[in-house]
Amino acid sequence: MSHKKKILLVDDSQTVLLMHQLLLADRGYELLTARDGEDAVETALAEHPDIIFMDVLMPHVDGFTACQTLRAHERTRDIPIIMVTTRGEPQNVQRGFASGCSDYITKPFNVNELLDKLERYLGE
C-alpha cells in the first residue's frame, strides 16, 4: 500500500486554506495546514510533507524567511516549496527563488496550473 502524499498548505487566510482543501480533498492527499511561516517550519519538520504550498505575506514569519529556514534543515531541504502569493512583481518572484522556492504561482491562481505543478513535483 502506498502512503498518501502529504501536502502542507501555508496561508494566514482561512479562506485560501479552505479553497486549497476543497480543491485537493477528493484527490487522495493528506492535507496539513499552517497559518504562518513559523508554524509551517514546525509542521514541516514534524510531518515531513511531500510538497509545500506557501503564501508570502503572513504574520510573524513570512514565506521567504520560512522557505530559507526549511532549506537550511537537513530534513526539509529537498521538499518542493511552491510560493502561492498575490505578490507577482518580478522582484518578489526573484526573492522567492533566492529564498529557495521551487516554483511560484500568483493569486488568484489558475486551478489547472496548481494541479499541474502538484503532479510535476510529486512525479505522478
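1. Let's start with Asp 103, which counts as buried at 10% relative accessibility; here buried means under 20% relative accessible area, exposed over 50% and partly exposed in between, with a 1.4 Å probe and protein chains only. Asp 103 is found in strand 5, residues 103–106. Strands (E, at least two residues) and helices (H or I, at least four) are DSSP runs numbered from the N terminus. Please keep in mind that this is a predicted model, in which local features need pLDDT of at least 70 and side-chain atom pairs count only at pLDDT 80 or more, while totals for chains, interfaces and linings use all residues. Residues are numbered from 1 along each chain as its sequence is written, and side-chain values use heavy atoms, with hydrogens and water left out.

2. What does Asp 103 touch, not counting residues up to four places away in sequence? The list is Ile 81, Ile 82, Met 83, Phe 97, Lys 117, Arg 120 and Tyr 121, where contact means heavy atoms within 4.5 Å. Lys 117 is also the salt-bridge partner of Asp 103, with the closest N and O atoms 3.3 Å apart. The pair ties together parts that are 14 residues apart in sequence, because Lys 117 lies in helix 5 (residues 111–122) and Asp 103 in strand 5. Lys 117 is buried too, with a relative accessible area of 9%.

3. On to the other salt bridges, each defined as a side-chain nitrogen of Lys or Arg within 4 Å of a carboxyl oxygen of Asp or Glu. Across the whole structure, the search finds 8 salt bridges. One of them links Glu 89 and Arg 87, at 3.6 Å from N to O. Glu 89 is partly exposed with a relative accessible area of 30%, and Arg 87 counts as partly exposed at 29%.

4. Is Glu 74 buried or exposed? Glu 74 counts as exposed at 65% relative accessibility, whereas Arg 77 counts as partly exposed at 36%. Leaving aside neighbours within four places in sequence, Arg 77 is in contact with Leu 70, Arg 71 and Ala 72.

5. Now the nonpolar cores, meaning sets of buried Ala, Val, Leu, Ile, Met, Phe, Trp, Tyr and Cys residues joined through side-chain atoms within 4.5 Å. The largest core has 20 residues, and those with the most contacts inside it are Leu 8, Val 10, Ile 52, Met 54, Leu 70 and Met 83. Elements giving two or more residues to this core include strand 1 (6–10), helix 2 (37–47) and helix 3 (63–72). Helix 3 supplies the largest share, 4 residues. A second, separate core of 16 residues includes Leu 9, Val 84, Leu 114 and Leu 118. In soluble globular proteins, nonpolar side chains tend to be buried together.

6. Apart from neighbours within four places in sequence, Leu 70 is in contact with Val 41, Ala 44, Ile 52, Met 54, Thr 76, Arg 77 and Ile 81.

7. How is strand 3 paired? Strand 1 and strand 3 run parallel and are joined by 4 bridges, where pairing asks for at least two DSSP bridges between two strands. Ile 7 stands opposite Ile 51 in strand 3. Strand 3 also pairs with strand 4 in the parallel sense, over 3 bridges, and Met 54 stands opposite Met 83 in strand 4. Ile 51 and Phe 53 point one way from strand 3, Ile 52 and Met 54 point the other way, and all are buried.

8. Strand 3, helix 3 and strand 4 make a right-handed β-α-β unit: with the strands pointing away from the viewer, the path from the first strand over the helix to the second runs clockwise.
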